[in-house]
Structures are given as structure tokens and as C-alpha cells.
Amino acid sequence: MYRIIVLDDIAQEGLDLLDAADGIEYEIRKGLPVDELRSALTEFDGAILRSGAKLTAEVLEGNRRLKAIVRAGVGTDNIDKVAATRQGIVVMNTPTGNTVSTAEHAFALMLALSRNVAAANQSLVEGRWDRKKYMGTQLAGKTLGIVGMGRIGREVASRAMAFDMQVAAYDPFLSDEQAQKLGVQRCETIDDLLGLVDYLTVHTPLTDETRGLIGKSRLDKLKPGMRVINAARGGIYDTDTLVEGLKNGQIAGVALDVYESEPCTDSPLFGMPGVVCTPHLGASTEEAQTQVAVEGVHLLIDFLTTGEIKHAVNVAALDPKTLAEMRGFMDVAYRLGIMLSQWHGGGIDTVKLTFRGEVAGKNTKLLTNAFCVGLLERALDGDINIVNAEVLLRERGIELTEESHREMSAFASSITAEVEGGDRKVTAGGTMLGHNMPRLVVLDGQRLEAFLDGGMLLFSHQDVPGIIGKVGNVFGQHNINIAQMAVGRSGEQAGGNAIGVLNLDTVPTPESIDAVQAVEGISQARFVQLPSAGSLPTWLQ
Ligand SMILES: NC(=O)C1=CN([C@@H]2O[C@H](COP(=O)(O)OP(=O)(O)OC[C@H]3O[C@@H](n4cnc5c(N)ncnc54)[C@H](O)[C@@H]3O)[C@@H](O)[C@H]2O)C=CC1
Ligand SMILES: O=C(O)CCC(=O)C(=O)O
């Protein structure tokens, strides 16, 4: 049974899906204080939320169960993604479900500003019939400036054009060609745009660049009497600057749906003439809420039950087809990681991965992450998966490099890993025979073909007669059965360095390993434990 926690109100259609899903149970736990939230989250595999709950580093810290967080909406600024990634938690969102509703709300705010809808309504309910006071402005013929021409920005632009407005836009990713297609005037910088526009609306996330986008230094760049709208994120406009602009007439109207700190019931702007505000209602339509809840619940269920990663904001996507295609080689990479951590046995400084053949043309990041999981898993007590593996590796100061070569070696696909630390460097190459027969094909430069599973005794030795027999004798005397054996050497001639791999049916005693180590001609013997044949870690199933 996978357990899901619902942290904010989501549409009934999403809850119905959770009710109907096999192997899933859920609880609705809203408005939890930090301590309770932190402890509640440890009982669940997945969480779904809107903008109400705050999943900070503090509430995620130490959680060993939670694997996925879904934001039923766009902005994931209420989730500490760095902390989630470190904890191995996938963060996903529903990028399109509320686009149109939010664009319509921005437009509603612009119309409300132009025609004093909110203030006129208030005056009427207070018993006044004030037709002169609320003289408005027409949108047609005016210029709307849009900062952020993503999904919502574009929907706003097309609506503005339907109202006979001109649109000027600034977005660092907007090309001339796209601007032409969209029928908007592209501005090179925000400052180029500000002097042109009668209305300004922002549709970007809150970032270091967009925070305080309209601040004191830009106030006098605005066309006098212009109006500003924010249905993106609080903080993009500086509140004090808006107050000053309204007072000195530089700004004629301010419409806000979002605030720096939410819930917000106290702002110097509330009640000022020319101001209309809503409590973060951009996505609050039946249609948007149904869509984001249904999509969000699907994302969670699919991730928990099939491993599919879609719309993730902290890790690469992983669809079922890719997972099916890559599972075998991810398993090889993972096993090589586990093996090399034990064969090396010390502190690691550098890792170099080389992908050859067909696999080099695929999503090798998945292989890298799987290798890192294997390499670190024993040291991290299992708190590692393909989401956080590379971060944790780099956090430990281990340098990671990757190379891909499309041309094949002896195998259609292979992975070679080189691990170095202290004065020891070890290398291993692996491949997959059929769908589920991982094989070790190179160890420390010597070619061989060994099963990459279960208990393995690895030993390097001089390539002289009698060594293999003596090792066999040791295990015979200690009553340990050898299931498979492989030997390899680098050159054609005997007498050089060679490597031996024995797959053992039981874990050898330390005495038996000491006895192997004591055989003349053996320079090193080490037992390494891998998962048994055919078994996959949960994150790969
Ligand atoms: N009020 C509400 O209820 C809602 C608010 N939002 C917010 O609206 C914002 C936009 O959402 P979408 O259009 O779906 O996102 P999007 O990702 O499709 O578009 C964002 C655009 O902003 C641009 N951008 C980023 N930094 C910029 C900068 N410094 N200057 C100019 N442009 C920049 C990006 O290039 C991108 O084109 C998000 O922050 C989201 O959280 C979204 C849904 C509902
Ligand atoms: O969940 C909500 O209503 C807020 C929507 C929002 O701000 C977003 O999707 O970014």
C-alpha cells in the first residue's frame, strides 16, 4: 500500500481518483503546524499540495519515506527543492492546468482597474450613485507590457490583442521570430519596455532577477499614469514603490493577486484609491482546480506505481518506455557501483564513467545516477536514489566525469567505471546479456566474463599454473561452494597479471579469505556482495 498525504484543498475529482486507485490510501491533513507536518510526512510515500502548505528544508529533513511531492499548480516556490533533491524526493508540478484561468484572472484585474469595478461596487453597496467619480479608460488602443512570455504571458497577449491592444514583451527566451509569430513587439530589456506601456503585467517566477522588478530606481522610467498587474508572485513589484507611485501619480492603478507573504490581510496598498486586490485567486476556477488535481494525482500514482517521472522540476523526466529500455543497463551501472565501492574499499576522490555503443546514445544521466547510488549506498544506509545520488556524490567532494562513445567495443553496449582515491585506482566494465543477465567484462584492465551478482570473490594474481587450484582447495576445505568461475588476463602470454572472479553460494568466512590471500602469487583477494541475480532495487522496479 502506498500512502499519500493531501496537504491543501484539492478538487473532489482528484480525491475520487485516489479513492479508486488500487494499492493507494490517502489522508487529508491540512494546516498542520511545522512539527506536526514534519512528523506526518514521515508516514507517507507521496504528498500533494497547492500553495498553502510550506515544505521547507526543516519539515523534509530526516524523512526516509517520502519519495514524491506534487504541486497541483505551477509555482513550486513553497517547496524547498534543494532539500527535496538531497533527500531523494522527486518534485513535480502540473504546468498547464491553470494557465488559461490565471491569464483570465490577470485580464479580469486589468479590466477591473480600467473601469474601477471594485471601488464602484463598494460605493454603490454603501448607498452612493457616483457616476462621475469612476471615469475609466478604454483598453483598445493602449499598450500592454508583458514581462515573461511563457504559458500564461502568451495567453494574456492573445487576449489583449483581441481587445485591440498593442503588446510589447520582454522575456530573455523570446526570439524575434517567436515575437513576430505571436504578434508582439519584442523588447531587448525591461527598461526598453517600461517607457512604452500603459499597462504592465508580469508572468514570471519570483527569482533574484525578478524580485523588485519595479522598485524605486525604475519608478520614473514608467509612463506617467500607467497601471500595473501582478498575478504571478508577490515580491516582483516592491510594495513601497507602488505606494509611492500611486501617491505621486506616476502609477494610476495597482492590481494584485499575490503577495510576498501569504496569507496577506494587511498591506499598505489595501484601501488606497486605484488599487484592486484578490487573495491569490488566479487558479481558483472549477476547471483549473479539477485539471490540476486530476493531473497531480495521476503524476503521484504513476510515479509510485510505475516509477514514471513527468513534469519534474528537480530531476530529468523518466517515462515508462525509457525506464523499460534503460532498466537493464541502469542495473548494470548500479551493480558496478556496488562492486567498485567494495573492491576499492577506501575514500574515493574521482569517478570516471565511459558509455560505449548503443547505450551511449540514450539518457546516460540515468546510468550515471544509478552508478552513484551503487557506489554510495553502503556508506549512506540506503538513503539514496537516482534523484539525489549525483548531488550526494558531489557533496562528498568526489569529482565525476562522463564520456560517451557511440562506436561499439566487443559488446553492443557497455559501461566502464574508473574509481580512484588514495593511491588505489580500480576499474570495471559491465554489459547486459539478454534482458536480465548483467555481466562483468573487465576488471582492472583484464578481460573476462563473470556473473555480476551475489557474493563474489575477486582476486588479482600472477598468471602462473596452480593458483586457481589452490583457491578451489581453500574453499573446499571451508565447505564453501563455488557457483561460477571466471579468469582473465591482459596479454596473450602467461606469466603476467591476471584476475579471478568466483561467484560463491555462501558468504566466505574471514579465515577462508585470509587463506586465499596467503596463496603465493595472489596479491589481493576481496569478497564483494552484490544483489542476487534478477533482484532489482525498489527505485528500479
Ligand atoms: N496567481 C496564480 O494563482 C498563479 C500564478 N502562477 C505563476 O505565474 C508564473 C508564470 O507561470 P507560467 O506562465 O505557467 O510559467 P512559464 O514557465 O510557462 O513562463 C515563465 C516565463 O518567465 C520567463 N522569465 C523567467 N525569468 C524572467 C526574467 N527575469 N525576465 C523576464 N522573463 C523571465 C521565462 O523565460 C518563461 O518564459 C509562475 O510564477 C507561477 O507561479 C501560475 C499559476 C497560477
Ligand atoms: O493553488 C493555487 O491556487 C495557486 C496557483 C499558483 O499560484 C500556481 O499554480 O503557481
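**The antiparallel sheet**

Author: Strand β19 (residues 455-462) runs antiparallel to β22, and seven bridges join the two. Strands here are DSSP runs of E with at least two residues, and helices are runs of H or I with at least four, both numbered from the N terminus; two strands pair if DSSP finds at least two bridges between them. Within this pairing, G455 has Q529 of β22 as its bridge partner. This is a predicted model, in which local features need pLDDT of at least 70, side-chain atom pairs count only at pLDDT 80 or more, and totals for chains, interfaces and linings use all residues. Residues are numbered from 1 along each chain as its sequence is written, while chains are lettered from A and ligands numbered from 1 in the order in which they are written.

Stepping back, β19 and β22 belong to an open sheet of four strands, ordered β20-β21-β19-β22 with antiparallel pairing. From one strand to the next, the twist averages 15 degrees; axes are lines fitted to C-alpha atoms, for helices over the stretch in contact, and angles run from 0 to 180 degrees between N-to-C directions.

Now for the helices. Helix α12 (residues 320-344) lies across β19 and β22, at about 140 degrees to β22. Contact means that the C-beta atoms of two residues, placed from the backbone, lie within 7 Å. Helix α16 (residues 510-517) also packs on the sheet, touching β19 and β22, and its direction makes about 150 degrees with that of β22.
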